[in-house]
Amino acid sequence: MNKVLLFNPRSANNKFRIPNSVLQVAASIEGLFEWCIVDGNRETDPWKKIEQYLQTGTVSYIGFTVMPGPQLKQAIPYSKKIKELYPAVIQIWGGYFASNQYKPVLDSGYVDYVINGPGDVAFPALLKALENKTDLSGIGNLIYKQGDRFIKTKKLDLPDLNTTPALPYHKLDTFYSLDKYLGKTYLGTKTLAYHSSFGCPFTCSFCAVVPIYEARWKGKSAQMIYDDVQMIRKKWGANAIEFHDNNFFVSEKRTVEFAKLIKDDKINWWGEARIDTMHKYKDESLQLISDAGCRMIFFGAETGNDEVLKKMDKGGTQTGKQILEFAERLRKFNIIPEYSFVLGTPAESPEKAMQQIDEDIAFIKQVKKVNPDTEIVIYVYSPVPTEGSDMYEQVLKSGFKFPVHLEDWLNNEWENFDLRKNPLTPWLNAKMIDKIKNFETVLNGYYPTVSDIRMRPFQRKVMKALSGLRYNRSIYAFPYEIKALQKFWIRYRQPEIQGF
Ligand code: B12
Ligand code: SF4
């Protein structure tokens, strides 16, 4: 039998989450093909493990899941090596990086196919077609090369997670003990990473979800989510949940139903949402989700500037005023808003770009004033190829270009780009980046994240006092003393990169 190896390249140094991407892909071929998973997060030398499988001669297909950033450090060299040493093995990449950057991926010569978006239908269909040597052009969500041409097949409807095969948690447990995937976080001692919906109904022009899902969203029913959680709770002891959906709270009805189901289980949970969507939730719904254990919600606040919000295409309904109002409103319900901001968006002139950064910093401080518990996450704008959006047009006009060669993504600059820390965009200069980063350091010092459970109260106090000297006077340049303390005491964690 032709076996399928699914590889999750290393994406975290600790607190490994269930590798939902490859697990869901595995579910799609369960019973059709023999499969195995290699999780780069759980192996000290994943190459050794992959090679053990390849040396058996039974593996015909290898699937990589690849998001931008550190996963590329294993994905690119391993894929290249497999082509050299095992050229008969067919290599298929999926995930956000593969879908959005399919040109350099397929031009590399070592990746044979890209699954563009959900693989639930496309992956088994591709494998069957390759086995039977039949035509590929009718398979949706697929990208491949024919000579010099890229063939991009039609986008399929989103899979219905109520009818797709159940995730094979038990089989994953035979490769890597599932227990070790349930890590200690701010939410609980055994935190489950769960993905309950596909896509997002919005079209923010900076977001990588948009080109893939094209404003579509489909969620699993509240009852099915609850049944899964109960099963994992009973079998492996999960006592907290991180919902990894792009937008968990799209449907108030579904959220309320889920909250009612989980209310008596004493489980803390977290998810991602839109401010404008949730500001429409009734008070009683917010109270219910709080009572049901929802402790913190991640929101894309982005900026307080209404014009920039419009340019970002935040659905046309989010405003600076609303961002502040909602932060204040959530306080009543004892739910911590985790607001992410995108600083450094394109501007007509360097003065305008700097002015926007200053305004955003002032706005963030305003948010902290109305609700000091708000957790702030700062990203520097890194373009995504959202073709047709005004912002992407402006980006291209500025002279910005993505790398043409896959291996260029391994350079430090592009890794920083992926981590949204230093995006190489022509309209930002070093002074602007420094200002953003220095402000972030001072802010994190003055308001250390509650999600860092290793920090002791005494350490928080000292950090706050030291950073307050700068925060209250808006002096951000060269915050070396705060950095030193963060490094010395706690090696400050960044939840946006490492997860909670
Ligand atoms: C969990 C997660 C993480 C975790 C990883 C945990 C772990 N594995 O240990 C952590 C917190 C470490 C993380 C970090 C980062 N992440 Co992340 N992460 C996610 C998140 C929330 C869930 C991924 C997931 O499990 N999805 C569930 C599965 C079922 O969906 P899926 O991955 O889309 O898989 C389907 C298809 O894509 C396809 N598919 C995927 N892989 C494969 C493989 C094959 C072979 C096939 C056939 C098909 C296929 O089929 C699947 C089933 O239909 C996504 C957002 C999201 N909701 O997807 C962001 C996301 C992927 N991350 C993102 C980013 C940018 C990052 C970072 C690089 C930077 C940052 N500052 O956030 C960092 C650094 C990553 C690193 N260290 O490598 C972005 C990618 C955006 C982009 N520009 O492309 C996303 C989309 C979040 C966002 N909206 O911005 N991340
Ligand atoms: S609401 Fe969030 S996930 Fe949806 S398009 Fe906007 S940024 Fe992306």
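**Notebook: sheet and ligand shell**

I looked up the sheet and found 7 strands in an open arrangement, ordered S2-S1-S3-S4-S5-S6-S7, with mixed pairing. At its edges I noted strand S2 (35-39) and strand S7 (149-152), each of which pairs on one side only. I record that the model is a predicted one.

Next I examined what packs on the sheet. Helix H2 (residues 46-55) does so, touching strand S1 (3-8), S2 and strand S3 (59-65). I noted that the direction of H2 makes about 160 degrees with that of S2.

I turned to one pair of strands within the sheet. Strand S5 (residues 113-115) and strand S6 (residues 142-146) run in the antiparallel sense and are paired over 2 bridges. I looked up Ile-115 and found its bridge partner in S6 to be Leu-142.

I then moved to ligand 1. I found 43 residues around ligand 1, of which Gly-63, Gly-69, Gly-94, Gly-119 and Ala-208 come nearest. Two or more residues of this shell are given by each of helix H1 (20-29), S3, strand S4 (90-94), helix H4 (96-100) and helix H21 (495-498). I noted that H1 supplies the largest share, 4 residues.

How values were computed: Residues numbered from 1 in each chain as written. Chains lettered and ligands numbered in written order. Predicted model: local features only at pLDDT ≥ 70, side-chain atom pairs only at ≥ 80, totals over all residues. Pairing = 2+ DSSP bridges. Contact = placed C-beta atoms within 7 Å. Axes fitted to C-alpha atoms, helices over the stretch in contact; angles between N-to-C directions. Near = placed C-beta within 6 Å.
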